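Trainee: I'd like to learn how to read a model like this one. Can we go through it feature by feature?
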Amino acid sequence: MVDTTPLSRAVDHFADRLRAAPQSRLQRSAAAEALALARELARWAQRVEEPSAEPREMPDAGMFAAADQILVAAHDLALVLESEEQVGEAVRLVEEARKRAGV
């Protein structure tokens, strides 16, 4: 079993920052970055679970759901990660998205 604690910490931090962000920040870029990250993590998990299936796109549930969407997608991905390197790559994606989001 791979230790996905670093991924959980990074995603929890990003989600907490999104929840604390003012609506104006969410509207400018933070929610869009979070949704893009959630979709990327969800596609990754789907490719591992069902490599031959066409990935489904996570719907846009609105800017106030962005934090929950990254948490769900990261949790699903954490269940299928197979190496410490994959965990590190996922953490990098989360950190880059958080920086782009400005939170």
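Mentor: Glu 49 is exposed, since its relative accessible area is 52%. Before going on, some ground rules: this is a predicted model, where local features need pLDDT of at least 70, side-chain atom pairs count only at pLDDT 80 or more, and totals for chains, interfaces and linings use all residues. Residues are numbered from 1 along each chain as its sequence is written, and side-chain values use heavy atoms, with hydrogens and water left out.

Trainee: Is His 75 buried, partly exposed or exposed?

Mentor: His 75 counts as partly exposed, because its relative accessibility is 49%. By contrast, Leu 41 has 0% and counts as buried. Thr 4 is buried too, at 17%. Over the chain, 42% of the 103 residues count as buried.

Trainee: How many helices and strands are there?

Mentor: Both are DSSP runs numbered from the N terminus: helices are H or I with at least four residues, strands are E with at least two. Here the protein chain has 4 helices and 0 strands, giving the pattern α-α-α-α along the sequence. Its radius of gyration is 13 Å, close to the 13 Å from the globule rule for 103 residues, so the chain is as compact as a globular protein of that length. That radius is taken over C-alpha atoms, and the rule is 2.2 Å times the number of residues to the power 0.38. As for extent, the C-alpha trace spans about 40 × 30 × 15 Å along its principal axes.

Trainee: Which residues have the most contacts inside the largest nonpolar core?

Mentor: A nonpolar core is a set of buried Ala, Val, Leu, Ile, Met, Phe, Trp, Tyr and Cys residues joined through side-chain atoms within 4.5 Å. The largest one has 36 residues, and Leu 7, Phe 14, Leu 18, Leu 41 and Ile 70 have the most contacts inside it. Helix 1 (5–20), helix 2 (23–49), helix 3 (66–78) and helix 4 (84–101) each supply at least two of its residues. Helix 2 gives the most, with 10.

Trainee: What does Leu 41 touch, leaving out residues up to four places away in sequence?

Mentor: Contact means heavy atoms within 4.5 Å. Leu 41, found in helix 2, touches Ala 73, Ala 74, Leu 77, Leu 93 and Val 94 on that count. Leaving aside its own neighbours within four places, Leu 7 is in contact with Ala 74, Ala 78, Leu 81, Val 87, Ala 90, Val 91 and Val 94.

Conventions. Buried < 20%, exposed > 50% of the residue type's maximum accessible area, 1.4 Å probe, protein only.
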